[in-house]
Amino acid sequence: MEWSLESVREMVAGGMQSIRECEICAFAIAMCVLLLFMWYCYRVGREHGSSPLRGRYLAGTGRIGGVVGGFMSSDCRSRGKGKHGSMLEEQNGFAFCQSSECFRCTSAGESLNQRLYHSLQEYAKRYTWSGMGRVHKGVRDQGRYLNSRPTIQRPEVFFLPDLPSAPFFSREVQRHDVELLEQSFPALLAEFESIYHQPPGRSGSSLPPGWKANNTPRGQWWTYYLVNQGTPLVLNVRRCPRAWRVLGQLRTFISNNVFGNACFSVLTPGALITEHYGPTNVRLRCHLGLRVPPSCELVVGGEPQCWSEGSCLLFDDSFLHRAFHEGSQEDGPRVVFMVDLWHPNVAAAERQALDYIFTPGRLEDREGK
């Protein structure tokens, strides 16, 4: 090959052309990847809105899920009236409401495992199996997990294997949300006062609007739900705009599935909430003390703890737990603001899958098909 100025120019021009073609190719590939990513975000965004609380509040119907902490609440009784209504009104303790709208009352039984697995398959087809190892393991062997758990921890609905377990958790595991709730203590206390001291909501009732009475062996236990089993209660939310705003700022609040709740909870002097289990171990229940008189205690997994005004208490309510207020009438009620947060060891992919599987109404709708 003879070297000349012309041949060198041709070689340089050819190299430059090749580089331009590679750049065009790379740009085209990058654009394709970007479009695919935008399409995926659009699909995910439609299924899981970026602001689920706000969207669900606007579209909410006020439906209330019914069993609170394993006890039948007046929410369920109001929907369960009819053929069995009067009988259910008289029951105490672990009474189930028979309501077709209450997840914890209708989802028990052998068919739940099959419905869970079908929902997981639907999720995997729509999104991915990546990161679903523990969820798949839990769904596949759910019946065995629930039946073989030690009596100290036995969730009623769903157990996710290989999660660190303890009755109480340090505030550091959900530091951001704990600090936000504690900083909001004055606003939440003021909002509680405003809804608690309203006149009775209807004739013959001693409770202000929005408050529900739960069955207890003795004393009174009242709850005022903003979110119940993943469903916002529109009228209650309108009365508590500051509390609703706080919920929207929490990073780990369970807002998209039936395991998520947020409420004001009141125990009157002499009240006892007997031992019971929560529905799952994927959440931590957070209590922010608003009013804490002496002689009030929460016992989880055999370990007693006391609430403190302005401070949060984190516990796993899938452990056997009870609460009581043994103070005098002069002490007044014990009041906490309760929210359900994700267990810190549940990964983001697992949270998204559980939100899909346990979307309010999903499992019940499948049973009716």
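What covers the buried residues of α7 includes α6 (111-126), α8 (142-148) and α13 (348-357). The model is predicted.

**Exercise 1.** Find which residues of helix α7 are buried, and where they fall around its axis.

*Solution.* Start with the helix, residues 133-140. Its buried residues are V135, G138 and V139. Now look down the axis of α7: these buried residues fall within an arc of 95°, so they line one face of the helix. An α-helix has 3.6 residues a turn, so residues three or four places apart point the same way.

**Exercise 2.** Check the length of α6 against its residue count.

*Solution.* Count 16 residues in α6. Then list the buried positions of α6: L112, R115, L116, S119, L120, Y123 and A124.

**Exercise 3.** Give the strand order of the open four-stranded sheet and name its edges.

*Solution.* The order is β8-β13-β10-β11, paired antiparallel. β8 (272-276) and β11 (303-305) each pair on one side only, so they are the edge strands. Neighbouring strands are turned by 15° against each other on average, direction ignored. Take β8 and β13: three bridges join them in the antiparallel sense. I273 stands opposite A323 in β13.

**Exercise 4.** Is H325 buried or exposed, and which backbone atoms does its side chain meet?

*Solution.* A polar atom of the H325 side chain lies 3.1 Å from the backbone nitrogen of G327. The backbone oxygen of G332 lies 2.8 Å from a polar atom of that side chain.

Key: Residues numbered from 1 in each chain as written. Predicted model: local features only at pLDDT ≥ 70, side-chain atom pairs only at ≥ 80, totals over all residues. Heavy atoms only, no water. Polar contact = N/O pair within 3.5 Å; in protein donor to acceptor, adjacent residues only side chain to side chain. Buried < 20%, exposed > 50% of the residue type's maximum accessible area, 1.4 Å probe, protein only. Helix = DSSP H or I, 4+ residues; strand = E, 2+ residues; numbered from the N terminus. Arc of directions from axis to C-beta. Contact = heavy atoms within 4.5 Å. Expected span 1.5 Å × (residues − 1). Pairing = 2+ DSSP bridges. Axes fitted to C-alpha atoms, helices over the stretch in contact; angles between N-to-C directions.
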